[in-house]
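Hi everyone, thanks for coming. Please take a look at the sequence and the model on the screen, and then I'll walk you through them.

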Amino acid sequence: MGVAAVISFDVLGQLATGGGEAVTWIAAIVLFFLLPYALLFAETGAAFPQEGGPYVWVKLAFGRGAAALTTLFYWVTNPVWLGGSLVFLAAETWDDFLTPLGHGTPADWTFKLTFIWCSILTAVVSLRRGKWITTAGAVVKVGAMALFTVTALVYGLQHGFPGLGTSGSGFAPSAAGFLALVPVLLFAFVGFEAPSAAGEEMHNPQRDVPVSVGVSAAVAACCYLLPVLAILAVTPAREITGIGGFMEAARLVFDIYGSWSEPLLTTVALMFVFALLTQGSAWMIVSDRMQAMVAAEGDFFSRALGAFHPRLGTPVRMNLLSGVTATAFMGAAMALAHQGDADAVFAVVLTVAVTTLLLSYLVIVPALVTLRRKRPEVPRPYRVPGGGLGFRLSASLVYLWIVLGSWCALFPGTLEPLLGVSYDFHGTWGVSRITFEIFTLGTVTVLLLFGALGRVRKRGRPG
């Protein structure tokens, strides 16, 4: 579940657009963000294994109001991500490598709607069955990345590594590259707490959570670092796009297989689309459970939204609400497509998902520190090295990263002038700042109003 949820196929191309320094910044994030982040959530997840994960932690630390708002941002990230980034990347891959769909055609709409609702269906079926679908997606995802990385190495040994010789792929870090990449990098590496949302359905969460966090983090670090390096090595930086980076590089390197190249490329394209679908499903399984608990406790419109199906054991009504939300956001993203090309739309809608998820951690991380102080009597089978001081230092470092990433996602181009870096907004995003902020800051504003309305309406109703 950790691998299925955290390793994001959709960000590989976006990271690779940063050139060679993306590899440098991935390594830095692994050391200075991923490591302390994993330690924090391994300790907390083992100490508080109750169903609901981050929702329960924030509620215990700050109360139901803060927990409800935080969970709203955590939950909505996933239908926004599914209906924006994932479905657009899947459709682009299907159109280029399998069957032509066109853009905005009935076939395009049909594919995207089918993709969204198949992902929702995977979350609707019981966890006992659904977990095997997401597990298959995780295996397929890692397998496709491994096959591509090895193939790229063989291709490079035969034809050279043209990407490493281009000026855009230098590994030297820069302030401009850092500010551009940091939100996507943080988004790529958060989510290891996701399985804790189904903590009571684990056999032994006190033992399993720390192990799963450690293993998933190590696998994620390799699955980002190696494929991005492989993409950059074989593809000139100017030819890399966020939406097509991985599969376009695969098309290039699979040429070494001769007559087998087309069948293999088609197979990898199918693996790619399936992995994207199950990636959305894994997060839906997690976040819909959390949001259903908010509804069941009376903090999100109707308690009926919090009902779990008696036979399936899943929050079917919340799953369906996620599907409706994803479909609505897909429609909004399709409308945005008329103002820019596919790559620009992909970057903007991915940033919306990045923003909402990172904002939720602005409350979740302080909740972990507060719980350690307020609930010292709770047994902690696993502890961050360094005791209380080590825990607080790790939390402070993680929080600083989250604050920086949230600001850069919401207001790109505002910190660059302070560092003497020029910034062309339209050239970077392919849309105007007004259009961008309508999608990002506008989404945040709507969510705040939606969350407040959900609490007020429920408060005025009995039961």
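Predicted model: local features only at pLDDT ≥ 70, side-chain atom pairs only at ≥ 80, totals over all residues.

Let's start with aspartate 255, which is exposed because its relative accessible area is 52%. Here buried means under 20% relative accessible area, exposed means over 50%, and partly exposed is in between, with a 1.4 Å probe and only protein chains considered. Aspartate 255 sits in the loop between helix H10 (245-253) and H11. Helices are DSSP runs of H or I with at least four residues, strands are runs of E with at least two, and both are numbered from the N terminus.

Residues are numbered from 1 along each chain as its sequence is written, and side-chain values use heavy atoms, leaving out hydrogens and water.

So how confident is the predictor? The score, pLDDT, gives its confidence in each residue from 0 to 100. The protein chain has a mean of 83, and 89% of its residues reach 70 or more. Confidence is lowest in helix H1 (residues 2-6), with a mean of 73, and highest in H14, at 93.

Now the overall picture. The protein chain has 17 helices and zero strands. Of its 463 residues, 57% are buried. The accessible surface is about 17600 Å², and 68% of that belongs to carbon and sulfur atoms; this area comes from the Shrake-Rupley method with a 1.4 Å probe, and for residues only the protein chains shown count as cover. Contact means heavy atoms within 4.5 Å. Among contacts between residues at least 6 apart in sequence, 83% join residues at least 24 apart.

Let's look at some helices. The expected span of a helix is 1.5 Å times one less than its number of residues. Helix H3 (residues 21-47) has 27 residues and should span 39 Å, so the 38 Å between its end C-alpha atoms agrees. H3 also bends by about 40° at valine 30, where the bend is the angle between axes fitted to the seven residues ending there and the seven starting there. H3 is mostly covered, with 21 of its 27 residues buried.

Helix H5 (residues 64-97) has 34 residues and reaches 48 Å from first C-alpha to last, close to the expected 50 Å. Where is H5 kinked? The kink, of about 45°, is centred on tryptophan 81. H5 is mostly covered too, with 28 of its 34 residues buried.

For helix H14 (residues 387-410), 24 residues should span 34 Å, so the 35 Å between its end C-alpha atoms agrees. The buried residues of H14 include Phe391, Trp401 and Ile402.

Setting aside neighbours within four places in sequence, tyrosine 361 is in contact with residues including Tyr37, Tyr74, Tyr399 and Ile402. Tyr361, Phe33 and Phe115 touch the most other members of the largest nonpolar core, which has 155 residues. Helix H11 (residues 261-296) gives the most to this core, with 18 residues. A nonpolar core is a set of buried Ala, Val, Leu, Ile, Met, Phe, Trp, Tyr and Cys residues joined through side-chain atoms within 4.5 Å.

Next, alanine 292, which lies in helix H11. Is alanine 292 buried or exposed? With 0% relative accessibility, it counts as buried. Its C-alpha is 4.0 Å from that of glycine 306, 14 residues apart along the chain.

Compare that with alanine 328, in helix H12 (residues 316-336). Alanine 328 is exposed, because its relative accessible area is 51%. Alanine 328 and glycine 83 are 245 residues apart in sequence, and 7.7 Å apart in space from C-alpha to C-alpha.

Last stop: leucine 371 in helix H13 (residues 342-374). Leucine 371 is buried, because its relative accessible area is 1%. Not counting residues up to four places away in sequence, leucine 371 touches Phe48, Trp57, Leu60, Ala61 and Arg380.

Notes:
pLDDT = per-residue confidence, 0-100.
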